[in-house]
Amino acid sequence: MIQRIQTLFLLATLGLVIAILSSKVFYTAEYTVKYTEYTPYLVLSIATLIITFFTIFMYHHRMFQIRLCIFNTIVFIAFQCWIAYAFFTSEPGTVFSITAVFPIICAILTFMALRYIARDEAMVRASNSLRNIDKKSRKK
């Protein structure tokens, strides 16, 4: 369902996670650290990539999609906290790349997708309740 705004938010999140996997976290004059070289960053990146990809295709099961979005947002926030910890404990002269803020942007995009999914679910439930009321009134 590409035409839905929540799918576009999730696709943007997917693109940012792919950008995370193909870039470096930080560098100094002596060394460079990529996301794929440090195991916790790699695990969190792959986990969020899989969850986001799976969430996009679960549009028929909106409540499960909402739960996946909540879980993914929590994982993105944990990922950002891990990067923030590395930032505050790094040695002077360490330069972090712009991709270091991508997890929090992904968390915001996933949360926005969650809101639109919940709005769609509320609309479907309201229309179902109207149909049920209409069916009851026809029976009388």
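The crossing of helix 2 and helix 3 is left-handed. Keep in mind that what you see is a predicted model. Two packed helices are described by an angle between their axes and by the distance between those axes. Here, helix 2 runs over residues 39-56 and helix 3 over residues 62-88, the packing angle is about 160°, and the axes are 10 Å apart. An angle over 145 degrees counts as roughly antiparallel, and helix 2 and helix 3 are therefore roughly antiparallel to each other.

Which residues of helix 2 and helix 3 make the contact? On the helix 2 side they include Pro40, Tyr41, Leu44, Ile51 and Phe54. Helix 3 contributes, among others, Phe64, Leu68, Phe71, Val75, Phe79 and Trp82. By type, the residues of this contact divide into 16 nonpolar and six polar, with no charged ones.

Next, the record. The unreviewed UniProt entry annotates residues 38-59, 66-88 and 94-118 as "transmembrane region". In the model, the span 38-59 is 82% helix and 0% strand, with its end C-alpha atoms 33 Å apart. For residues 66-88 the figures are 100% helix and 0% strand, and the end C-alpha atoms again lie 33 Å apart.

Last, one residue. Ala84 sits in helix 3.

Methods. Residues are numbered from 1 along each chain as its sequence is written. This is a predicted model: local features need pLDDT of at least 70, side-chain atom pairs count only at pLDDT 80 or more; totals for chains, interfaces and linings use all residues. Side-chain values use heavy atoms; hydrogens and water are left out. Axes are lines fitted to C-alpha atoms, for helices over the stretch in contact, and angles run from 0 to 180 degrees between N-to-C directions. Helices (H or I, at least four residues) and strands (E, at least two) are DSSP runs, numbered from the N terminus. Angles under 35 degrees count as roughly parallel, over 145 as roughly antiparallel, 65 to 115 as roughly perpendicular and the rest as oblique. A crossing is left-handed if the near helix is turned anticlockwise from the far one by less than a right angle, and right-handed if clockwise. Contact means heavy atoms within 4.5 Å. Ala, Val, Leu, Ile, Met, Phe, Trp, Tyr, Cys and Pro count as nonpolar, Asp, Glu, Lys and Arg as charged, and the others, Gly among them, as polar. UniProt positions are given in the numbering used here, feature names are shortened, and annotations may be inferred rather than shown by experiment.
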